[in-house]
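Let's take a walk through this one together. Have the sequence and the 3D view open, and we'll go stop by stop.

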Amino acid sequence: MTLLKIARMGHPVLRRKAEAVADPAAPEIQQLAAAMVATMADADGAGLAGPQIYQSKRIIVFHAPGERSDTDDGLATAPLTVLINPEIEILSDRMEEDWEGCLSIPGLRGKVPRHTHIRYAGMGPDGKPIEREASGFHARVVQHEVDHLDGVLYLDRMRDFDTLTFESEWVHHMKPTGKGDA
Ligand code: NI
């Protein structure tokens, strides 16, 4: 199992707009996807994007298991997914604030507003198209990861920094809900 080093805030790769993947089914992309999945699991994360492992490519991996979700309309959970060249369509203007962390910004949490209902599309590493609707934590993690492809970090999305909290304090004071960094 290959584990990749995770880029931390301050490295320019995290602020660059990532390049589209020309051939999503290429063997090297499948290998990269497998290494990203292993790296995310090892870090106990909910999502990981190409720039976070120093690859300025439009590829993300994520999962939204049931215990990470607040609602159960069937759209709030997702299996482990590799998504290449993802596109997001906003389906609701409604935004909701909830806690986020980021594997590239270790040790911090903050409340981030995100659209509650989206549709996303892209390619799987098998070259087959993926198209899904998402709500709740599922919609949140996809928006967080696609932001990484455009050089955007969750701190940029916060309305103010009142909720910005060290994870060690958050565990004591903020009723942790088990959501992983992404
Ligand atoms: Ni992140």
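Some ground rules before we go on. This is a predicted model, in which local features need pLDDT of at least 70 and side-chain atom pairs count only at pLDDT 80 or more, while totals for chains, interfaces and linings use all residues. Residues are numbered from 1 along each chain as its sequence is written, and side-chain values use heavy atoms, with hydrogens and water left out.

Back to arginine 114, which sits in strand 5. Helices (H or I, at least four residues) and strands (E, at least two) are DSSP runs, numbered from the N terminus. The arginine 114 side chain makes a polar contact of 2.8 Å with the side chain of glutamate 100, and another of 2.9 Å with that of aspartate 147. A polar contact here is a pair of N or O atoms within 3.5 Å; within protein, one must be able to donate a hydrogen and the other to accept it, and residues adjacent in sequence count only if both atoms are side-chain atoms. If you leave aside neighbours within four places in sequence, arginine 114 is in contact (heavy atoms within 4.5 Å) with residues including Arg94, Gln143, His144 and Tyr154.

Now zoom out to the charges around it. Side chains of opposite charge can pair when their charged atoms come close. Glu100, Arg114, Arg140, Asp147 and Arg157 are linked in a network of salt bridges, a salt bridge being a side-chain nitrogen of Lys or Arg within 4 Å of a carboxyl oxygen of Asp or Glu. One of the links is between arginine 140 and glutamate 100, whose closest N and O atoms are 2.8 Å apart. That pair joins distant parts of the chain, with arginine 140 in helix 2 and glutamate 100 in strand 4 (residues 95-102), 40 residues apart. Both ends are tucked away: arginine 140 is buried at 6% relative accessible area, and glutamate 100 is buried at 5%.

How many salt bridges does the rule give? The count comes to 14. Among them is the one between arginine 109 and aspartate 181, with closest N and O atoms 2.9 Å apart. Here strand 5 (residues 105-115), which holds arginine 109, is linked to the segment after helix 4, where aspartate 181 lies, 72 residues apart. Arginine 109 counts as buried at 5% relative accessibility, and so does aspartate 181 at 10%. Another salt bridge pairs arginine 58 with aspartate 150 (3.1 Å, N to O). In that case a loop between strand 1 (47-49) and strand 2 (59-64) is linked to a loop between helix 2 and helix 3 (154-157), the two residues being 92 apart. Arginine 58 is buried at 12% relative accessible area, whereas aspartate 150 is partly exposed at 32%.

Next stop, the metal. Which residues hold the nickel ion? Cys102 (SG), His144 (NE2), His148 (NE2) and Ala182 (O) coordinate the nickel ion at 2.1 to 2.3 Å. Donors are N, O and S atoms within 2.8 Å of the metal (3.2 Å for Na, K and Ca), and water is not among the atoms, so sites may look incomplete. The angles among the 4 donor atoms run from 98 to 131°, and the site is tetrahedral; four donors get that label if all angles lie between 85 and 135 degrees. Along the sequence, the donor residues are spaced C-x41-H-x3-H-x33-A. Histidine 148 lies in helix 2 (residues 136-149) and alanine 182 in the segment after helix 4 (167-173), so this pair ties together parts that are 34 residues apart in sequence. Histidine 148 counts as buried at 1% relative accessibility, and alanine 182 does at 5%.

Finally, look at the greasy side. The largest nonpolar core has 19 residues, and those with the most contacts inside it include Ile60, Phe62 and Leu83. A nonpolar core is a set of buried Ala, Val, Leu, Ile, Met, Phe, Trp, Tyr and Cys residues joined through side-chain atoms within 4.5 Å. Helix 2 gives this core its largest share, 6 residues. A second, separate core of 16 residues includes Ala33, Met36, Ile53 and Ile84.

How values were computed. Tetrahedral: all angles 85-135°; square planar, octahedral: opposite > 155°, others 65-115°. Buried < 20%, exposed > 50% of the residue type's maximum accessible area, 1.4 Å probe, protein only.
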